[in-house]
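Dear colleague,

I am passing on the structure that we talked about, and below it you will find my notes on what was found. Please read them with the coordinates open beside you.

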Amino acid sequence: MLTDPIADMLTRIRNANKAMHDSAQMPSSRMKEEIARLLKDEGYISDFRVVAGTPFSTLVVELKFGRNRERVITDLKRISKPGRRVYARKDRLPRVLGGLGTAILSTSTGVITSRQAAERGVGGEVLAFVW
């Protein structure tokens, strides 16, 4: 039984990235699909898709590599965990690597990046950092 499915998703992507695999597979959920959509919009992955199955659907994340097979994703870090939730107010949104990385937040308007949260003037739970 998984207690933190988002941490499992990030770990699967991190492990596939370190092993230079082309894709990573994991059980699907709406939250994971939204995180994958954000990763695609920010340019960290090339694509994602949901494969329907009988017991559960599978989320397949296609990883992205540079011209000489260098990794696009340097690291993924889970911030808010089930044992310690981390929230950010609208005036104290996190910056990853001085703005070079991306912070993923879960807000009342959905899963968005910290840049989008600053534009909309909302805060929320800090899910992960990606750089």
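In α1, the buried residues are Ile6, Ala7, Asp8, Met9, Leu10, Ile13, Ala16 and Asn17. Please keep in mind throughout that this is a predicted model. An α-helix has 3.6 residues a turn, so residues three or four places apart point the same way. The buried residues of α1 pack against several elements, namely the strands β1 (23-27), β3, β4 (76-78) and β8 (124-130), together with the helix α2 (30-41).

The length of α1 (residues 5-18) can be checked as well: its 14 residues, at 1.5 Å a residue, should span 20 Å, and because the end C-alpha atoms are 20 Å apart, the expectation and the model agree. After α1 comes Met20, which has a positive phi, near 60 degrees.

**The three-stranded sheet**

Three strands form an open sheet in the order β1-β3-β2, and their pairing is antiparallel. The edge strands, each of which pairs on one side only, are β1 and β2 (45-51), and from one strand to the next the twist averages 20 degrees. Between β1 and β3 the antiparallel pairing runs over five bridges, and Gln25 has Val60 in β3 as its bridge partner. Helix α1 packs on this sheet, where it touches β1 and β3, and its direction makes about 160 degrees with that of β1. Helix α2 also packs on the sheet, touching β1, β2 and β3, with its direction at about 155 degrees to that of β2.

**Two residues to look at**

Thr58 belongs to strand β3 (residues 58-63). Is Thr58 buried or exposed? Its relative accessibility is 18%, and because the cut-off for buried is under 20%, Thr58 counts as buried. Leaving aside residues up to four places away in sequence, Thr58 touches Gln25, Met26, Ser28, Arg49, Val50 and Val51; Gln25 is the residue whose bridge partner in β3 is Val60.

Leu97, by contrast, sits in the loop between β5 (87-88) and β6 (102-107). Its relative accessibility is 52%, and since exposed means over 50%, Leu97 counts as exposed.

Terms used
Residues are numbered from 1 along each chain as its sequence is written. This is a predicted model: local features need pLDDT of at least 70, side-chain atom pairs count only at pLDDT 80 or more; totals for chains, interfaces and linings use all residues. Side-chain values use heavy atoms; hydrogens and water are left out. Helices (H or I, at least four residues) and strands (E, at least two) are DSSP runs, numbered from the N terminus. Buried means under 20% relative accessible area, exposed over 50%, partly exposed in between (1.4 Å probe, protein chains only). Contact means heavy atoms within 4.5 Å. The expected span of a helix is 1.5 Å times one less than its number of residues. Two strands pair if DSSP finds at least two bridges between them. Axes are lines fitted to C-alpha atoms, for helices over the stretch in contact, and angles run from 0 to 180 degrees between N-to-C directions.
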